[in-house]
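Work through the following exercises with the sequence and the coordinates at hand. Each task is followed by a solution in steps.

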Amino acid sequence: MDTERRRNFLYLFERVGEPLYFSPRGRGATQVMFSVPQDAIPCNELRDASRVNQGGFSGVQMVAVQAPTTMPNLNRVAQMCPRTALYNYFNPLHRSATKELLDMFRNQGTLDQFLSMACVCRDSPMVNCKLWINAFSAALLTHPQTVNSFQLPALCEVMPDNFFSAFALRQAFRQTGLPAADRGIITVDNFRTGRNTNPENRLAYFREDMGINTHHWHWHLVYRLDDAQQPGRRKGELFYYMHHAMIARYDSERLSNGLTRVRAMSIDDNPVVKEGYFGKLYDTNSGQNWGTRQNDTPLRNLNRTGDPNLPPSFHQLTLNQLRIWRDRVMEAIDTGLVNMGTGTRTPLNIDILGDMLEASALSPNPQFYGPDGVHNVGHVFISHSHDPEYKHLENSGPMGDTTTAMRDPIFYRWHKYIDVIFDYYKQTLQPYQDRGGEFPLAWQGVDVTSVQVQSTTFGSQPNILQTFFMDSNVDLSRGLDFTRTNMNQLGPIWLRFRHLNHDPFNYTIQVRNSSNAQVRATVRIYLAPRNTEHGEQFEMTHQRKMFFELDKFQENLNPGDNTIRRISTLSGVTVPWEQTFRDLERNMELPTAAQSICGCGWPQHMLIPRGTPTGMIFDLVVFLTNATEDAVPGATPPQNPNCRESLSFCGRLNQPYPDAKPMGYPFDRNPFTVPDPANPTGPQVPARNLEEYVNRIPNMTAIQIRIVHDANRPVVVRPDNGPTKPMREISGDASLNASTMCAPGQGMVSNTATPATQPRPMEMGPQRPSSGRPGTGNIATSPSRDSPTWARPQHPSRGQPNVPTQWLPRPSSPRSRPGSPTWGWRG
Ligand code: CUO
């Protein structure tokens with residue numbers, strides 16, 4: 001795909017809610033205006049408006065869009081997901097509409113026809129714009145002409161209303177009416193979806209993180225429910241594993257914040273959703289708020305007859321029916337056999353179980369196990385629990401869509417429940433043995449003799465990692481509809497949000513290969529908290545469920561001693577910041593090699609849990625297995641240096657999953673048994689702790705590391721493509737009731753309920769210290785990517801007002817700067 005075509009496809013993601021004829025897309029010299037032929041514009045009013053709006057934009061290149069070879073019939077799409085509906089991935093009608101539109105795009109033979117069909121459908125008053133974004137994105141991933149040659153833009157820029165509160169967006173819209181030079185920057189710290197008297201709010205920074213929500217959307221886009229996947233991709237198993245890893249990761253974050261692990265949701269005995277959630281999200285396309293939920297909301301039968309959004313099959317949905325489907329799944333686990341509905345039974349495995357629970361085109365006997373699966377229906381029940389009888393004409397809550405579900409605390413309880421079912425199955429399998437049996441653990445002749453992690457921060461101690469909060473910028477202008485006019489077309493609308501991050505670190509792994517030949521190893525690295533919420537060391541049967549993957553990669557081992565060095569930023573589960581939050585223009589600089597699922601992956605900045613101010617102890621496990629045995633025919637290694645792929649969580653498009661071992665191996669199964677010291681001649685007991693487990697496996701080593709959360713580290717701004725000059729800060733937080741006053745002769749002065757130059761009375765989480773200059777009030781600065789500055793400042797102390805932020809000189813080469821963090825750098 002050439003650069004011009006790629007640009008045209010990318011620009012269709014700009015301001016999707018407004019018609020293409022309305023104004024140009026793109027920036028500066030690359031602005032283009034899409035010219036759709038009049039007879040391809042779907043209705044009379046739009047044709048008239050289109051004529052009125054043509055022209056008046058000087059220096060804009062016109063893109064002549066072909067008329068489609070046949071005009072699309074969008075009746076069914078419009079019936080299933082009307083233009084003004086609140087789009088929900090977990091609504092089967094919306095998914096069917098997405099599939100229909102996706103197929104229209106995918107069936108276009110040439111790129112020009114694809115572009116033409118995309119333009120016509122995008123502007124049709126029959127097509128929901130969120131639906132269009134999902135269908136168009138999925139089509140770009142799979143169309144023969146664009147597969148492996150197109151990177152999707154950052155989702156939070158394309159549909160910012162699914163990521164930022166209505167209040168923050170309102171502030172952003174206000175800025176669009178100002179000349180670019182007068183605009184302020186919206187600040188969002190993601191801690192204010194509730195008060196901290198609600199303990200769940202301590203985790204808001206995790207749940208509301210842009211990166212994890214983008215990852216979740218991207219994962220479900222790559223593994224769509226309505227797409228029959230090729231054999232070997234192990235979609236059902238990956239559904240289990242990726243969500244299990246997210247829950248384990250969340251549990252670590254909870255322990256870091258003094259909370260208990262997530263309790264699984266129940267659907268038995270008058271279930272109640274204890275955790276309320278008020279996400280403050282507003283869907284700009286439908287003009288509707290996402291549903292909210294009070295604490296202690298009962299989960300009740302749905303009786304939503306008349307709801308035009310839900311399919312009739314969901315209008316009268318009972319919890320009893322959900323339990324029947326669940327019980328049938330449990331029966332399949334107990335018997336090890338799946339009822340295929342044809343009088344036959346087939347052996348159950350984890351992949352089939354995943355397809356049964358999630359329910360997709362791959363599901364066996366959906367009539368019997370639930371046409372939409374226990375998991376999906378649970379999302380629907382919970383997302384309508386605030387108005388189960390449609391008395392208030394309320395729409396779905398955030399649990400209804402993959403872009404928003406992870407914001408809601410109940411997501412983790414529901415997925416813990418699904419995980420309990422998966423683990424119930426895993427417990428029916430024989431534990432892996434150190435020798436013999438299925439997937440034996442020991443690798444003869446390979447010993448991991450030592451492991452160490454070392455933060456890249458200068459002067460840091462071994463096996464101590466640090467986390468902190470920082471700010472990053474996104475440009476919302478591409479997602480704010482109807483904001484460009486002839487008078488005021490240009491300029492970004494900046495929003496700065498706060499998120500967790502950590503200092504990158506290196507693993508040093510010493511391995512002895514006692515054989516006479518070089519061997520190739522798969523290096524598997526996992527992390528889990530060492531102690532429970534009660535401060536006691538985890539038993540192995542429980543700790544195994546807490547392990548989440550940090551990395552997986554392959555290395556050659558020469559005979560004798562070997563040293564493996566690896567930096568955390570290369571993790572096989574994460575994607576770097578730039579792939580999650582790159583902007584549209586930047587994509588076009590990239591070559592056209594395989595990049596299409598670059599954006600799928602856990603965000604790098606969330607790789608390790610927050611830890612505690614005094615240091616929380618984690619067990620880090622390094623486990624080497626024989627890569628020859630792990631190899632999968634047809635799985636080729638990644639080839640594009642510009643795209644870091646998250647192979648563990650996202651696999652590779654159109655290829656088998658690149659690891660023959662069960663996902664989560666070896667912690668997916670109960671530990672092997674050992675003699676009971678209290679009764680040495682009696683029955684054996686499962687290995688009681690990690691030490692007992694590791695002792696029997698020479699190719700595995702565990703060390704304890706400490707993760708320290710540096711709450712006092714001043715918050716700095718990522719040195720990315722942010723604002724290049726100081727901007728006044730405008731709070732995007734409604735609960736601060738902020739206003740910005742302009743005092744005569746003194747520049748901009750912040751007038752917030754609690755001045756931003758003082759620490760705010762927040763019980764948890766970081767404060768937003770002033771990053772302003774003396775005498776200019778609340779003025780934020782951010783170095784540009786090309787500015788002679790660097791993000792590791794000699795910081796002022798938190799809360800010291802009006803202390804200028806100092807920036808260290810940016811090194812000439814990041815690689816030559818020992819101990820430098822690597823985030824923020826590209827290339
Ligand atoms: Cu990803 Cu329930 O599957 O959210």
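**Exercise 1. The disulfide**

Which handedness does the link of Cys600 and Cys650 have, and what is the angle about the S-S bond?

Solution. The model is predicted. Start with the distance: the sulfur atoms of Cys600 and Cys650 are 2.0 Å apart. A disulfide requires two cysteine sulfur atoms within 2.5 Å, and the pair Cys600 and Cys650 forms one. Next, take the angle about the S-S bond, which is -80°, and the link is left-handed. Then place the two ends. Cys600 is in the loop between α19 (584-587) and β20 (602-603), while Cys650 belongs to helix α21 (residues 647-650), so the bond ties together parts that are 50 residues apart in sequence. Finally, check accessibility: both Cys600 and Cys650 are buried. The count for the model by this rule is one disulfide.

**Exercise 2. A pair of helices**

Describe how helix α10 (residues 210-222) packs against helix α11 (residues 235-256).

Solution. Two values are needed, since a packed pair is described by the angle between the axes and the distance between them. For α10 and α11 the angle is about 175° and the axes are 12 Å apart. An angle over 145 degrees counts as roughly antiparallel, and α10 and α11 are therefore roughly antiparallel to each other. Now list the contacts. From α10 come His215, His216, Trp219 and His220; from α11 come Lys235, Leu238, Phe239, Met242, His243 and Met246. Sorted by class, this contact of α10 with α11 has five nonpolar, four polar and one charged residues.

**Exercise 3. An annotated span**

What is the helix content of residues 408-419, and how far apart are the end C-alpha atoms?

Solution. In the unreviewed UniProt entry, these residues carry the annotation "domain: Tyrosinase copper-binding". In the model, residues 408-419 are 92% helix and 0% strand. The end C-alpha atoms of the span lie 17 Å apart.

**Exercise 4. Positive phi**

What are the phi values of Arg15 and Tyr390, and where do these residues lie?

Solution. Arg15 has a positive phi of about 45° although it is not a glycine. Arg15 is in the loop between α1 (3-11) and β1 (32-35), and with 0% relative accessibility Arg15 is buried. Tyr390, likewise not a glycine, has a positive phi of about 60°. Tyr390 is located in the loop between α15 (373-383) and α16 (409-426). At 16% relative accessibility, Tyr390 counts as buried.

Terms used: Residues numbered from 1 in each chain as written. Predicted model: local features only at pLDDT ≥ 70, side-chain atom pairs only at ≥ 80, totals over all residues. Heavy atoms only, no water. Helix = DSSP H or I, 4+ residues; strand = E, 2+ residues; numbered from the N terminus. Buried < 20%, exposed > 50% of the residue type's maximum accessible area, 1.4 Å probe, protein only. Axes fitted to C-alpha atoms, helices over the stretch in contact; angles between N-to-C directions. Parallel < 35°, antiparallel > 145°, perpendicular 65-115°, else oblique. Contact = heavy atoms within 4.5 Å. Nonpolar A, V, L, I, M, F, W, Y, C, P; charged D, E, K, R; others polar. UniProt positions renumbered as here; feature names shortened; annotations may be inferred.
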